[in-house]
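Subject: Handing over the two-chain model

Hello,

Here is the structure I promised to pass on. Please open it first, then read my notes below.

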Amino acid sequence: MSKILISDPTLRDGNHAIHHQMNAHQIEVYAFAANAASIPIVEVGHGNGLGASSLQVGESLLDDERMLKIARENLTHSKLGIHVMPGFATINKDLKMALDIGVDVFRVAAHCTEADITQRHISYVRDRGKEVYGVLMMSHMASRDVLVEEAQKMESYGAEGVIIMDSAGAYLPVDVTERIGELTKRLNIPIGFHAHNNLGMAIANSVAAADAGATILDGTSRGFGAGAGNAQLEVLVAVLEKMGYSTGIDLYKMLDAAETAENEVLKDIPRIKTISIVSGLAGVFSGFAKHVERISGEYKVDPRDVFFELGRRKIVAGQEDMIIEVAMKLAAEGRMDK
Amino acid sequence: MKKMKVAILGSGNIGTDLLVKAKRSPFLDCRLFIGRHLASPGINKANSLGVRISDLGIDAIAKNPDCCDLVFDATSAMDHMRHWSVLNELDKTVIDMTPSRVGEMCIPAINLASCVNYKDVNMVTCGGQASIPLAHVIGQIQEEVDYIEVVSSISARSAGPATRLNIDEFVETTETGIKAFSGCRRTKAILILNPAQPCVDMQTTVFAKVNNPELEKLKPAIDIMVRRIQNYVPGYQLIVPPVLENNRIVIMVKVQGLGDYLPRYAGNLDIINCAAIAMAEEYARENRVT
């Protein structure tokens, strides 16, 4: 039976859905439940990862250190993971702290064409004997061959696997099959996939990734995550088992963890709202949804127009400041919301 | 007035663009352009401009100290530490283009005149050159500045290998500069590389959290600062004047370059290089170097 390694960013991607206001209780109860279900990796932190609490993306309720310590105390079996983007976080300010707390798995992320900014961070973690992966975000913005080239750079820096993120939820299964198939063929390390559900494809795309040879999949309880949410983990685990993949996760306890998430962590269960469909079509980072809603309201412009304009400008993750400029420009052009 | 003899160490994007600008300056005479490989695009460019070249790195100056009075170090933060000790021995004035945080931080719109008293000045970062003058104004106008955050996005094309390797230094050096020139309590810097084609212009956003936002006082003071920067960076434009959004002050600028070595989108290259040329010309005018 083929094995799939599951990484669960409920306590990280989910932070996007609640303005990064995850509190101690939420981390505690979910980390405890995920640990009980034997979920292999539990990712924790600000939505954009270590060092990303900011006016640009949103300030965290708890600082990184506090979040990681609470999770650490509750994870005896599952590994504690973090997401980190060079440009937001640095080795000195952030990675050292995470190593001290005892983070087990480091996922060093860059925009899909900019893998070389991860070199020092990947090597740094690898040199300290921790598990380290490369992450290529917003991967729909690069061609198959460019993704292979960028993933190979991460492999050369010491990454033990590369995770391809569909950060805008823009893929159809056929896109996933093409890219993941080529990556698994041309790299010597495991390939992973991280789905978003903007176009309702999160589970289908995750299945396509597994069938194309991906051996790492991300999913979150009830799909808790940016925009329309992620691949719903309890569904993904069930579907994978049904297809004959093994995840090592206890299904009943996984279902319990999802209940815990719904009752204690989530504010709203993710739905595919108008704004998420548009974000998926425009190919814009799912995490922008809350900001676009707020700023469009303030400048009285149609959030759909804002998303399509951001897409036209090929704005990448971390460029939330551009939303203000785009909204002001649309307002000045008289394109007011009807 | 006699021109000041300068050398450029580092033949990447920054060094090559500096060369084009130095050639145009009425105060500077570029005597030597130094890289590591004679086949590099930067060395080719220097050759085509008729500038003497070398592939010996810092040794080129150590072996021929009379070639210049001032050295632009456009290598990397790690290399600058080593270069500075050699150049200091040789009594050279050094303008450091890397985010090394070794020399006195120079933001021409704020402290050009006082920087001539130092032998090693540091040009902070491109994002720092774009944002620190605005942060400085916020620090002057607002009574209590709790937090300033700056976000720069630059076109991926304009970020060469040293820039990419030094991304942590970019963040930390920009933060040091913001804090030093604004007096804010906390700060954060963020750098985003955007690969869009056609390439995007450099843009920088300054966010601030202050006790009592005084936008009406801030606006004219920002306008004055922007004009002061435009004196040496013609492509610096205010695209979002101070506004209050979600309880944060937001100011955005765009920087278009002069298109000297890289095309106009590379405002990041242009702003730090224009600042460095302004500094070098100030040294020349002060006639510090004989």
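What follows is a short tour of each chain and of the contact between them.

One caution before the details. This is a predicted model.

Chain A overall

Chain A has 14 helices and eight strands. Its C-alpha trace spans about 55 × 45 × 45 Å along the principal axes.

Domain 1 covers 5–265, and domain 2 covers 274–332. Their C-alpha centres lie 24 Å apart. Across the boundary, 24 residues of domain 1 of chain A are in contact with 17 residues of domain 2 of chain A. On the domain 1 side, 11 of the touching residues are nonpolar and 13 are polar.

Most residues other than glycine have a negative phi. Two residues of chain A are worth a look here.

His19(A) has a positive phi, near 55 degrees. Look for His19(A) in the loop between helix H1 (10–17) and helix H2 (24–36) of chain A. His19(A) counts as partly exposed, because 17 C-beta neighbours lie inside 10 Å.

Lys300(A) also has a positive phi, near 55 degrees. Its place is the loop between H12 and helix H13 (303–312) of chain A. Lys300(A) is exposed, with 12 other C-beta atoms within 10 Å.

Where chain A meets chain B

In the contact between the chains, 27 residues of chain A touch 27 residues of chain B. Four helices of chain A give two or more residues each to this side: H4 (91–101), H5 (119–127), H12 (289–299) and H14 (321–332). The largest share, four residues, comes from H14(A). By class, the chain A side has eight nonpolar, 10 polar and nine charged residues.

Chain B: domains

Chain B is also divided into two domains. Domain 1 is made of 4–123 + 270–286, and domain 2 is 126–265. The C-alpha centres of the two are separated by 24 Å. Here 25 residues of domain 1 of chain B are in contact with 31 residues of domain 2 of chain B. H1, helix H5 (108–115) and helix H10 (267–286) of chain B each supply at least two residues of the domain 1 side. H10(B) gives the most, with six residues. That side has 14 nonpolar, six polar and five charged residues.

Chain B: the sheet

Chain B holds an open sheet of seven strands with parallel pairing. The strand order is S3-S2-S1-S4-S5-S7-S6. S3 and strand S6 (104–105) of chain B stand at the edges. Each has a single partner strand, so one side of each is left without a neighbour in the sheet.

For one pair within the sheet, take strand S4 (residues 70–73) and strand S5 (residues 93–96) of chain B. They pair in the parallel sense over four bridges. Val71(B) has Val94(B), in S5(B), as its bridge partner.

Helix H2 of chain B runs over residues 41–48, and its buried residues are Gly42(B), Ile43(B) and Ala46(B). Seen down the axis of H2(B), these fall within an arc of 100 degrees, so they line one face of the helix. Their cover includes helix H1 (13–24), strand S2 (28–34) and strand S3 (53–54) of chain B. Just after H2(B) comes Gly50(B), with a positive phi of about 75 degrees.

Last, a peptide bond. Most peptide bonds are trans. The one from Gln197(B) to Pro198(B) is cis, with omega near -10 degrees. Pro198(B) sits in the loop between strand S9 (186–194) and strand S10 (202–210) of chain B.

Over to you.

Best wishes

Methods
Residues numbered from 1 in each chain as written. Chains lettered and ligands numbered in written order. Predicted model: local features only at pLDDT ≥ 70, side-chain atom pairs only at ≥ 80, totals over all residues. Contact = placed C-beta atoms within 7 Å. Nonpolar A, V, L, I, M, F, W, Y, C, P; charged D, E, K, R; others polar. Domains from an automatic or database assignment. Buried ≥ 20, exposed ≤ 12 C-beta atoms within 10 Å, placed from the backbone. Arc of directions from axis to C-beta. Pairing = 2+ DSSP bridges.
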